[in-house]
Amino acid sequence: MQGSQPRPLIDEWEWQYVAACKGMATDLFFYTDRERGPRRARREKIAKSICATCPVINQCREQALRLAEPYGIWGGLTEEERMEIISNARRNRRSEYVTAS
């Protein structure tokens, strides 16, 4: 029955201890209300460059996609990029369902 017991939550988050962004200012990864255009693009580029060096980028990305994280740069992806991936995955699942019916 070991497999039916819940896993400790630390297993879900432990990877964050070695993330490249650990201890950095969160404003590098999250936009402010007034941030637009070139300023936002520069910040996103900096955040993505930090993510590119991260040893746990895949875990971060997978979690952000699984939770449909609505804000910030996670796993090297912006909110818009994540929503596009999630939308495409949903469309693909629907078309597979229709094809299988």
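This is a predicted model: local features need pLDDT of at least 70, side-chain atom pairs count only at pLDDT 80 or more; totals for chains, interfaces and linings use all residues.
Biologist: Which residues are linked in a network of salt bridges?

Modeller: Arg40 forms a salt bridge with Glu44, with the closest N and O atoms 3.2 Å apart. Arg40 also forms a salt bridge with Glu79, at 3.4 Å. The linked residues are Arg40, Glu44, Glu79 and Glu80.

Biologist: By about how much of the helix are Arg40 and Glu44 separated?

Modeller: Both residues are buried. Arg40 and Glu44 lie in helix α2, 4 residues apart, so the separation is about one helical turn.

Biologist: Is Glu79, the partner of Arg40 in a salt bridge, buried or exposed?

Modeller: The salt bridge between Arg40 and Glu79 links distant parts of the chain, Arg40 in helix α2 and Glu79 in helix α4, 39 residues apart. Arg40 has 15% relative accessibility and counts as buried. For Glu79 the relative accessibility is 8%, and the cut-off for buried is under 20%, so Glu79 counts as buried.

Biologist: How many residues apart in sequence are the parts that Lys48 and Glu81 tie together?

Modeller: Lys48 forms a salt bridge with Glu81, and the closest N and O atoms are 2.7 Å apart. Lys48 lies in helix α2 and Glu81 in helix α4, so the parts tied together are 33 residues apart.

Biologist: Over the ring of which residue does the charged end of Arg40 sit?

Modeller: For Arg, the test asks that CZ be within 6 Å of the ring centre and within 35 degrees of the ring normal. The charged end of Arg40 is 4.0 Å from the centre of the ring in question, which belongs to Tyr31.

Biologist: Which residues form the 1 aromatic pair, and is the pair stacked or edge-to-face?

Modeller: The structure holds 1 aromatic pair. Phe30 and Trp74 form this pair, with 6.3 Å centre to centre and 80° between the planes. Phe30 is in the loop between α1 and α2, and Trp74 is in the loop between α3 and α4, 44 residues apart. Planes over 60 degrees apart count as edge-to-face, so the pair of Phe30 and Trp74 is edge-to-face.

Biologist: How many disulfides does a search of the whole structure find?

Modeller: A disulfide is a covalent bond between the sulfur atoms of two cysteines. The sulfur of Cys21 has its closest cysteine sulfur in Cys54, 6.1 Å away, which is too far for a bond. Cys21 is partly exposed at 35% relative accessible area, whereas Cys54 counts as buried at 12%. The number of disulfides found is 0.

Biologist: How far from a polar atom of the side chain of Arg36 does the backbone oxygen of Asp33 lie?

Modeller: Arg36 is in the loop between α1 and α2. Arg36 is exposed, with a relative accessible area of 55%. From the backbone oxygen of Asp33 to a polar atom of the Arg36 side chain, the distance is 2.9 Å.

Biologist: Which exposed residues does α3 carry on the face turned away from its buried side?

Modeller: In helix α3, residues 57–66, the buried residues include Cys60, Gln63 and Ala64. These three cover an arc of only 100° around the axis, so they are on the same side of α3. The face turned away from that buried side carries Glu62 and Arg66.

Definitions and conventions: Residues are numbered from 1 along each chain as its sequence is written. Side-chain values use heavy atoms; hydrogens and water are left out. Buried means under 20% relative accessible area, exposed over 50%, partly exposed in between (1.4 Å probe, protein chains only). Helices (H or I, at least four residues) and strands (E, at least two) are DSSP runs, numbered from the N terminus. The arc is that of the directions from the helix axis to the C-beta atoms. Rings of Phe, Tyr and Trp (its six-membered ring) pair if their centres lie within 6.5 Å; planes under 30 degrees apart count as stacked, over 60 as edge-to-face and the rest as tilted. A disulfide is a pair of cysteine sulfur atoms within 2.5 Å. A polar contact is a pair of N or O atoms within 3.5 Å; within protein, one must be able to donate a hydrogen and the other to accept it, and residues adjacent in sequence count only if both atoms are side-chain atoms. A salt bridge is a side-chain nitrogen of Lys or Arg within 4 Å of a carboxyl oxygen of Asp or Glu.
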